[in-house]
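Here are my notes on the charged side-chain pairs. Please read them with the structure open.

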Amino acid sequence: MKKSTPTTNLVPDFISSFSYDNRLAIWDIKCSIAHITMLAKKKIIPPSDGKRLLKTLKAILTDLLKGKKLTPAEDIHYAVEKEVIRRVGEELGGKLRTARSRNDQVATDIRLYIKSEIAGIVSEICSLRRAIIKKSLSHIDIVMPGYTHLQQAQPILFSHYLSTYNEMLKRDECRFNDCLKRMDESPLGAAALAGTSYPIDRNITAHLLGFSKPMSHSVDAVSSRDFACEFISCCAITLTHLSRMSEDLIIFSSSEFGFVTMPPEFSSGSSIMPQKRNPDWLEIIRAKTSAAIGSLTAILSLLKGLPLSYNRDMQEDKLHIFRSSDDITLCLKVMTGIISGMKINQKRIAEALERNDYYLATELADYLVSKGISFKTAHNAVSRLVSLALSRGLKLSQIPLEDYKKISTIFSKINSADIRLVLNVKRVINSKKSYGGTSPLLVKKYLLKELSELNQK
Ligand code: ARG
């Protein structure tokens, strides 16, 4: 029988976060640099101590940037402290703890980390938006069947369809920037929870760390993680958009549709079926989306039962923050590569449109309305016409005019030339001129405006 490890040997590992929070090292040191600068300025520690500590912290930072690793400790804050003490001794190194707790420190580190992540994510969103707009502009005139319920609904421009995601991503970008504004306050100086009796100046540290101001409530500063929930929620929403996009492209790249072909570097072969190209990259985006949604649920659940103020449960917020921000950054890059490199198969799209013309039934109803018939009556008559077409395996445009008239007297108001015109896809597309509609003139204007706005960023 396998001997079990004694529980006491597990204890240090069990509460340790170093394996994952060591990626906060740079932010943790920057946080300490700001703190020591302020303590020396306010003469809370002697300026000469401040000088030596700052020199040491900066030397550690330089080493880390060169790739050196810290010796593991319970968490990143203790690991940095341990390294400072190793270099300057316990008496001086121990002063790092003056007027500060790991509680305000960790809250500050994560905010700094997320702030810098958001800058990167927003720039990736813009790259993807640019790729979408460029692809749309270079295929501006292709008409495709537009779908609702994954059934052919009405014709739209492919460029109009694809640029839908530009709008979603534009809002995602705003959401990230908005969440950034709310988290732009420094918790540093809240100490454990009560503030401190040392004459610190929280404006100095907030300013040095690039925050707009210090948080105004010390208990809130160490207790709150709603900024992390917001961030993960922004990631989950953006990923949900990428996941829908993936699903569209998976369907459109299947052999049944064949509307698009994935770039070879973003699809893979099957180990058994030589004919297959699988859209694995898109599938992994879908999978990572589910992890982000899981992280959002996890962090909300982590907080919902916590009494104020700091509790160690909060340590595990970082697992979700890191995973979400890593995944979103990667997925945005992958999607940008896919959109830029995918091939649009105009012929296959045209074939899908030509297979039948039932997606023009609404046009026929609209036309009858223009002859003074109510939309409801027109809708009824046209739907009977579609049933007839279906039963005979014909297109609407192939049904003889006499049969139209047999279905309803209201068709007596139209002639064959009218029907040909009404059922002309090009005319239909050009007619959708309502604001935001699919007419080529409007779509082109929209895309050019979007591109010029993106180019100004
Ligand atoms: N590693 C901890 C965390 O990430 C740091 C704060 C620990 N504070 C405490 N009072 N034990 O949350």
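1. First, a cut-off. Buried means under 20% relative accessible area, exposed means over 50%, and partly exposed lies in between. E247, at 31%, therefore counts as partly exposed. Keep in mind that this is a predicted model.

2. How many salt bridges does a search of the whole structure find? The count is 35. Side chains of opposite charge can pair when their charged atoms come close.

3. R286 and E247 form a salt bridge, with N to O at 2.3 Å. R286 sits in helix α13 (residues 280-304) and E247 in helix α12 (residues 226-252), so the bridge ties together parts 39 residues apart in sequence. R286 is partly exposed, at 30% relative accessibility.

4. R102 pairs with D75 in a salt bridge; their closest N and O atoms are 2.7 Å apart. R102 belongs to helix α7 (residues 102-138), while D75 lies in the loop between α4 (47-65) and α5 (76-88). The two are 27 residues apart. Is D75 buried or exposed? D75 is buried, at 4% relative accessibility. R102 is partly exposed, at 25%.

5. E124 and K333 also meet in a salt bridge, 2.7 Å from N to O. This pair links helix α7, which holds E124, to helix α14 (residues 317-341), which holds K333. They are 209 residues apart. E124 is buried, with a relative accessible area of 15%. K333 is partly exposed, at 45%.

6. Finally, the network. Salt bridges with shared partners join R129, E167, K170, E173, K449, E450, E453 and K457.

Note on methods:
Residues numbered from 1 in each chain as written. Predicted model: local features only at pLDDT ≥ 70, side-chain atom pairs only at ≥ 80, totals over all residues. Heavy atoms only, no water. Salt bridge = Lys/Arg side-chain N within 4 Å of Asp/Glu carboxyl O. Helix = DSSP H or I, 4+ residues; strand = E, 2+ residues; numbered from the N terminus. Buried < 20%, exposed > 50% of the residue type's maximum accessible area, 1.4 Å probe, protein only.
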